[in-house]
Amino acid sequence: MIDRVLESLRRGERPVRYLLAGAANTAFGLSFFPALLWIWPWFARNYMAALVLSQLVCVVFAFSTYKIGVFRTRKNILREFAYFSSYSYIVFGANLIALPLLVQGLGLHPIPAQFGFAMVTMIGSYFWHQAVTFRSDTGT
């Protein structure tokens, strides 16, 4: 098992590149939201505004890592960004509903509530981006 993973890393296969980009996106995304809350007191009181700003910044960051590092397509960047964003903003819409329910309804702190929601949506993003955003005929 470990030999296969190491071989996949060496060859730079798409699923491995996706996991590495996903790790970078996760680290960035999960740190950006709490950083806003911790650094600026206004965001600590207005966590939904922090969520909106975080979403905008993190979508651009994630698109860049997936386009350049994972799928490596040479198609129309605006069209791909529109498809990429469509998934992100569908998830974002769900997040706008889920976060207040988790925080106000269940009494969770905003940071672990957001972390949990993000974990739930990550797997689906690979399939969406492979099938819709960065689809290719070669499958590489």
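This is a predicted model: local features need pLDDT of at least 70, side-chain atom pairs count only at pLDDT 80 or more; totals for chains, interfaces and linings use all residues.
Rings of Phe, Tyr and Trp, the last represented by its six-membered ring, are taken to pair if their centres lie within 6.5 Å, and a pair counts as stacked with planes under 30 degrees apart, as edge-to-face over 60 degrees, and as tilted for the rest. Residues are numbered from 1 along each chain as its sequence is written, and side-chain values use heavy atoms, with hydrogens and water left out.

Under the ring criterion, the count comes to 14 aromatic pairs. The rings of tyrosine 18 and tyrosine 66 have centres 4.9 Å apart and planes at 10 degrees, so this pair is stacked.

A tilted aromatic pair is formed by phenylalanine 84 and phenylalanine 134, at 6.3 Å centre to centre and with 50 degrees between the planes. Because phenylalanine 84 lies in helix 5 (residues 77–105) and phenylalanine 134 in the segment after helix 6 (110–133), the pair ties together parts that are 50 residues apart in sequence. Phenylalanine 84 is buried, with a relative accessible area of 2%, and phenylalanine 134 is likewise buried, at 0%. Ring pairs link these residues into a cluster made up of Tyr18, Phe63, Tyr66, Phe71, Phe81, Phe84 and Phe134.

The C-alpha atom of phenylalanine 134 is separated by 9.5 Å from that of arginine 74, a residue 60 positions away along the chain. Arginine 74 is found in the loop between helix 4 and helix 5 and is exposed, with a relative accessible area of 84%.

For salt bridges (a side-chain nitrogen of Lys or Arg within 4 Å of a carboxyl oxygen of Asp or Glu), the count comes to one. Lysine 67 forms this salt bridge with glutamate 80, the closest N and O atoms being 2.5 Å apart. The pair links lysine 67 in helix 4 to glutamate 80 in helix 5, 13 residues apart. Lysine 67 is buried at 10% relative accessibility, and glutamate 80 is buried at 0%.

Conventions. Helices (H or I, at least four residues) and strands (E, at least two) are DSSP runs, numbered from the N terminus. Buried means under 20% relative accessible area, exposed over 50%, partly exposed in between (1.4 Å probe, protein chains only).
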